[in-house]
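Hi everyone, thanks for coming along. Let me put the structure up on the screen, and then we can walk through a few parts of it together.

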Amino acid sequence: MGSWDTEIAARANREPAVCAAFASLTASVTEDLGPDKVVDTLSHECARLLPIDSTEVFLPGLKLRRHPEVVEEGPVLESFETGTDIAVRDLSAAVSRWPGYVARMAGQGYAAVSALPLRAMDETVGSIAFLSAENVVLSVEDRRLGRALADVATLCLLQQRELRHYRTLSEQLQTALDSRVVIEQAKGVLAERAGIDLGTAFHRMRSFARSSNRKLSEVARGVVDGTLDTRKLLRPRNR
């Protein structure tokens, strides 16, 4: 079998694994597994499909269990800050560029690195470095596959960020609605108990909340569940 035929066969053999990798990454969104799962899946699939020994992921602003939030130097930080690919075949030659990083990688047995930004449209959310114990960097084809996996992971992370945003917003709106309902209930209780109108009942609650440094919703809930002594609240106050 010629070299071309061998290359075609290798691609065909890797294709099912590549498809499975993309499916694993997208599942992290549909199953709402969180950013840690996306990063772990990305690292695992890259190590499985690419001729590398390990990965290093940098995602500032996200606290992940196994990846740093802050990096002082190195290709992951540089790739993130510049939005460009970085390939260093011999890390020992980059000691003046990243002295601390090179020393740390040498201590772990790594000799070369390829780094890619995690980017979607105009936003760079982080970066990933592919580490090798030999003095080799990713080939054009392998870098293309690494880029595709990184792009899918980036989209998953952005989608999860949107989901977290809307979930938080929904919870805030629900809390505000619940507070409004309790306040309206408390106004009715006070109005009936003291023979005052709803507007006066509201002003009495608001005045009491301010003077006692409490939230209006907290005061209202105390009125409704009977844990607040309403005699102090109903006492007229000087403006």
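This is a predicted model: local features need pLDDT of at least 70, side-chain atom pairs count only at pLDDT 80 or more; totals for chains, interfaces and linings use all residues.

Let's start with Val 18, which counts as buried, with a relative accessibility of 14%. You will find Val 18 in helix H1, the helix made of residues 3–30.

Let me zoom out for a moment. The protein chain has 239 residues, and 39% of them count as buried. Its secondary structure comes to eight helices and four strands. If you read from the N terminus on, the order is α-α-β-α-β-α-β-β-α-α-α-α. And here is a number about how the chain comes together: take the contacts between residues at least 6 apart in sequence, and 62% of those join residues at least 24 apart.

Now, on to the charged side chains. How many salt bridges does the structure hold? It holds eight, and I'd like to show you some of them.

One of them is between the side chains of Glu 45 and Arg 48, with 2.5 Å from N to O. Both residues are in helix H2, residues 35–49, and because they are three residues apart there, about one helical turn separates them. Is Glu 45 buried or exposed? Glu 45 is buried, at a relative accessible area of 5%.

Next, please look at Arg 147. Arg 147 makes a salt bridge with Asp 85, and the closest N and O atoms are 3.5 Å apart. This pair links distant parts of the chain, since the two residues are 62 apart: Arg 147 belongs to helix H5, residues 140–194, while Asp 85 sits in the loop between helix H3 (75–82) and strand E2 (86–88). Arg 147 counts as buried, at 17% relative accessibility, whereas Asp 85 is partly exposed, with a relative accessible area of 42%.

Arg 147 has a salt bridge with Asp 151 too, where the closest N and O atoms are 3.1 Å apart. Here the two partners are both in helix H5, and because they are four residues apart, about one helical turn lies between them. Asp 151 is partly exposed, with a relative accessible area of 27%.

Helix H6 is residues 198–211 and helix H7 is residues 216–225; their axes come within 9 Å and cross at roughly 120°. That angle makes H6 oblique to H7, and the crossing is right-handed.

What meets what at this crossing, between H6 and H7? From H6 we have Phe 202, Met 205, Arg 206, Phe 208 and Ala 209, and from H7 they meet Leu 216, Val 219, Ala 220 and Val 223. Sorted by type, the residues of this contact are eight nonpolar, no polar and one charged.

Technical notes:
Residues are numbered from 1 along each chain as its sequence is written. Side-chain values use heavy atoms; hydrogens and water are left out. Axes are lines fitted to C-alpha atoms, for helices over the stretch in contact, and angles run from 0 to 180 degrees between N-to-C directions. Angles under 35 degrees count as roughly parallel, over 145 as roughly antiparallel, 65 to 115 as roughly perpendicular and the rest as oblique. A crossing is left-handed if the near helix is turned anticlockwise from the far one by less than a right angle, and right-handed if clockwise. Contact means heavy atoms within 4.5 Å. Ala, Val, Leu, Ile, Met, Phe, Trp, Tyr, Cys and Pro count as nonpolar, Asp, Glu, Lys and Arg as charged, and the others, Gly among them, as polar. A salt bridge is a side-chain nitrogen of Lys or Arg within 4 Å of a carboxyl oxygen of Asp or Glu. Buried means under 20% relative accessible area, exposed over 50%, partly exposed in between (1.4 Å probe, protein chains only).
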